[in-house]
Amino acid sequence: MQEIKFYSTNLIAKNVNVKEAVLKGLAEDKGLYMPDKIPALTEKELAELKNADYPEIAFAILKKFLSNFVSDDELKKICDDAYDFPVPIEKIADNISIMRLDKGPTAAFKDFAARAMARLMELFLEQENKKLLILTATSGDTGSAVANAFHGCESIKLIVLFPEKEITDRQRKLMTTLGDNISVVAIDGKFDDCQALVKDAFVDTDLTGLNLSSANSINFARLMPQIVYYVYAYLKLDKEINVCIPSGNFGNLMGGLIAKKMGVPIKKFIVAVNENDEVANFFKTQLYEKIEPSKNCISNAMNVGHPSNLSRLIALYGGIMDEKGSIKKMPDMEKIHRDMNCYSVSDEETKQEIKSIYKKYGVIVEPHGAVGLKAMKNYIAETSDSTPVVCVETADPAKFPEVIREVINIDPPLPESMREAMEKEENYEKMACDYETFKKFIVSSS
Ligand SMILES: *Cc1c(COP(=O)(O)O)cnc(C)c1O
């Protein structure tokens, strides 16, 4: 097969191969890497995967991007190892299923991407005989997924920064009970302060020798694994589907759009956002205005006022958006409207939906999934489309016990994987929000 090259969405940096794209993360011109062609998944290949399990489907998809750099044996091991947990698709009504992506070690869908990315980076670093020091700032879910995924990697050290007073005990314990190559720092400040410290470190020339990298959703290695579960969903339902995706930075949606481009029969994407409705407005008015600062909604992993993957979505439809969010060339809006409808859902509607889903089907969903289910209802009311819908549930309700308790008066049970972490001893540093102190810490951990 002809090698896939990766271009930067800003179109200035030179094209790279998949290995360079994964190890670099962001292109030098601050654009995001996109494949210059999307590999096809033929009807015959889809038919052959019909009875495959999740790791086998992951292998077939990832191989299309990685075969020149990763042997079949290595890739098979990565997939078997990364996906050792179930991916249930529960039918709740005639044409509605919920795909639960919350059965990984940190009970949120970010495990899918982080676990494959960590193993892939480790392999590439071994091939190059290099080591990486990864810095990541988190407001909760990303940090725990990434820390769990990188735990035990020989070539990688990870430092996670979190705002001391802004995350839950459960989220904190998922990171602070690991140890080994994972260092965790509580910053006396806000999430934005943590992010600023990380950014300062990346541009500090004193640290150039340390080979710093990041693990947020700009890395193509985090997108690739998110193609797989849409292929899996189609194969399980075995007919054309619509997919409903609760979205923040739009990485999850990008995975779905690439799956469709590869040839998976997905008719429509129902894109669900909370009160941060900049993309819903953009689709309506063709004018893009980011929301600064982003609004604080109960579906907090989707509180994004300028989605980092939007420039990728726009590139996929022939447009250009720079890293600041200014559109240099309009994408094909007609095609975008053909492929997706976007709905914004308020906090009040989200709570109502949690209540209504529980009453009607006896199923507990958490705020992110509820935003999705409400958007799906809006879509069906608007279009009367009767295509079966797969709604993505991105986290376990036990991660948001306060809201669930308030709305339906139930304490969602803690999943086994989280229970273990809750009982282990915690270990983390506390630090003032001061760059010089953080810099000393980085140097001493390297
Ligand atoms: C990150 C996250 C999302 C949003 O996913 P994007 O890929 O950023 O759109 C939704 N739900 C949960 C629980 C998340 O952690």
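Predicted model: local features only at pLDDT ≥ 70, side-chain atom pairs only at ≥ 80, totals over all residues.
Residues are numbered from 1 along each chain as its sequence is written, and side-chain values use heavy atoms, with hydrogens and water left out.

Let me start with the ligand. There are 15 residues around the ligand, and those that come nearest are Lys-110, Gly-248, Asn-249, Asn-252 and Thr-394, where being near a molecule means having a heavy atom within 4 Å of it. Sorted by class, this shell holds six nonpolar, seven polar and two charged residues; here Ala, Val, Leu, Ile, Met, Phe, Trp, Tyr, Cys and Pro count as nonpolar, Asp, Glu, Lys and Arg as charged, and the others, Gly among them, as polar.

As for individual atom pairs, an N or O atom in the side chain of Lys-110 is 2.5 Å from an oxygen atom of the ligand, and a polar backbone atom of Gly-248 is 2.7 Å from a ligand oxygen. Phe-250 also takes part, with a backbone N or O atom 2.9 Å from an oxygen atom of the ligand. On its own the ligand has 390 Å² of accessible area, and the protein covers 96% of that, by the Shrake-Rupley method with a 1.4 Å probe.

Now to helix 11, residues 251–262, which has twelve residues and reaches 17 Å from its first C-alpha to its last, close to the 16 Å expected at 1.5 Å a residue. Helices here are DSSP runs of H or I with at least four residues, and strands are runs of E with at least two, numbered from the N terminus. Because ten of its twelve residues are buried, helix 11 is largely enclosed by the rest of the structure; buried means under 20% relative accessible area, exposed means over 50%, and partly exposed lies in between, with a 1.4 Å probe and protein chains only. Among the buried residues are Asn-252, Leu-253 and Met-262. After helix 11 comes Gly-263, with a positive phi near 125 degrees.

That brings us back to helix 12, residues 278–285, where Glu-278, Val-279, Ala-280, Phe-282 and Phe-283 are buried. The buried residues of helix 12 pack against helix 13 (310–316), strand 12 (327–329), helix 14 (333–339) and strand 13 (340–344), with contact meaning heavy atoms within 4.5 Å.

Finally, some backbone details. Most residues other than glycine have a negative phi, and most peptide bonds are trans. Against that background, the bond from Glu-292 to Pro-293 is cis, with omega near -10 degrees, and Pro-293 sits in the loop between helix 12 and helix 13. Leu-11, in the loop between strand 1 (6–8) and helix 1 (18–24), has a positive phi near 65 degrees, and Leu-11 counts as exposed because its relative accessible area is 53%. Asp-238 has a positive phi of about 60 degrees as well; this residue lies in the loop between helix 10 (225–237) and strand 9 (241–246), and Asp-238 is partly exposed, with a relative accessible area of 43%.

Definitions and conventions:
Polar contact = N/O pair within 3.5 Å; in protein donor to acceptor, adjacent residues only side chain to side chain. Expected span 1.5 Å × (residues − 1).
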